[in-house]
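Trainee: I've got the structure open and I'd like to know where the labels on it come from. Can we go through a few?

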Amino acid sequence: MGLGFLLFGVALAGGTADEPLDPAYAIVNRLGRAKNSDLLYGARTDSALSMAYRWKRVGGELPEMDSVLAVELGHDGEGAWVLRPMARISVGTLEPNRQQGDVEPGLVSVRTRADTRAYWGPMEVMFAPELRADVDPGFEGELAIPIGWAGVHTDKLRVGFGLESRWFGPGRHGGLMLTDNARPAPLGSVAYEDRLGKRFGRFRAEWGMGWLDAERTDVQRPGWLVADLRWAPVSAVEIGATRVGIFGGKDRPAPELGQILLPTDPHVENDPEQKLPDQDEIAAFDARINLPVGQWLNGARSDAGMGFSLDYLEFYTQYGGEDVIARQLGPIPMPALAGIANLWGAEVGVGSLTFNGEWARVLDDQFRWYTGHRIYHQGLTQDGVVMGHPSGGDSRTWTMDIRWMPIS
């Protein structure tokens, strides 16, 4: 492994990572944008096998990446496994964002992880116990399981259950729906991705359901669901729609299945004792457009994104609502968004440098964002940490950065 690639992984493994989840996604997505590859960017997970499938579609030529993903790239149905140890140390009391709810409470915090992946035929197992030690000035230690997943995974279908971070939407520094800001909650899901023939682009659909297992002050162990649909009619354009809901829980009745799947009547009226079924909803639409300027000017290059010329321009947005209200389209009930939030961003890739700017407005309107529902007061949180945008509700956030990606 090249020294530059190793330093890249170490430097970006913590809360300052420019891309969510595994930092290797940064390389796959960076070259994918420069080469205008056949990829969807708005749904990301902890799966190294997913990265391998994406890397094959990028068609990149990086020995370092081929070495890191050697097991996944060479997996041919035979049993295989790989252990990727990770360690980091941080000094100071500033609480980082986007670290799966780990706020590193010590003046000195040490993290060591044994990231294990195993594959048998189409089966995928991910298990990553992490030992956490904090000194401030006393000593505290714990064993956490930020990743624990098992299921079936092919290049088109992924079905499984467990713990892993999800990120929906095009944002680099935040997202209005789900990010890796909070500790992941148990979830079972099914996802399918494929091309719609040669003319209609690539699409991906995912639906999952689980429960929020952290201790809460409102309703214990409420159910939660996530649904995501995205489509790229051409490789340079992607649009997506994401929905997350909270329902049921200990001593709480669950809505009818039809209302869980499509909440056309989400508001409960005339319920002073708050005993009727209820649910909390957030939803968002997103879009991105990528302009592979370098490819247009210089033609397809196997080393796209590696030099010092303009490689791509990307613009993206996400528009969401914290609540779903029922409206009528003639006689037909239609769900609509309320409590609006916005996210806008732009990125320029120039060789090994990337310039990014992102703005998010997540403010209370007539309705709420993330927290404050009449039943589910803590809303979309785990251990009190928002599962969506790291700045939480009632915020305006600007983020600008310049990144250098030393790949060789």
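Predicted model: local features only at pLDDT ≥ 70, side-chain atom pairs only at ≥ 80, totals over all residues.

Trainee: Why is A150 called partly exposed?

Mentor: A150 has a relative accessible area of 36%. Buried means under 20% and exposed means over 50%, so a value in between is called partly exposed.

Trainee: What does A150 touch, leaving out residues up to four places away in sequence?

Mentor: Those contacts are E124, V125, V159, G160 and F161. As for A118, 32 residues away along the chain, its C-alpha atom is 9.4 Å from that of A150.

Trainee: And what makes L157 partly exposed?

Mentor: Its relative accessible area is 32%, so L157 falls between the 20% and 50% cut-offs. L157 belongs to strand β6, and it is also part of a nonpolar surface patch with V159, V190, Y192, W207, L257, L261 and L262. Patch residues need over 30% relative accessible area, so L157 at 32% passes that cut-off.

Trainee: How much accessible area does the patch have together, and which elements give two or more residues to it?

Mentor: About 670 Å² together. The elements are β6 (157-163), β8 (187-195) and α6 (257-261).

Methods:
Residues numbered from 1 in each chain as written. Heavy atoms only, no water. Patch = residues over 30% accessible without salt bridge, like charges linked within 9 Å, V, L, I, M, F, W, Y side chains within 5 Å. Areas by Shrake-Rupley, 256 points an atom, 1.4 Å probe, with all protein chains shown as cover. Salt bridge = Lys/Arg side-chain N within 4 Å of Asp/Glu carboxyl O. Helix = DSSP H or I, 4+ residues; strand = E, 2+ residues; numbered from the N terminus. Buried < 20%, exposed > 50% of the residue type's maximum accessible area, 1.4 Å probe, protein only. Contact = heavy atoms within 4.5 Å.
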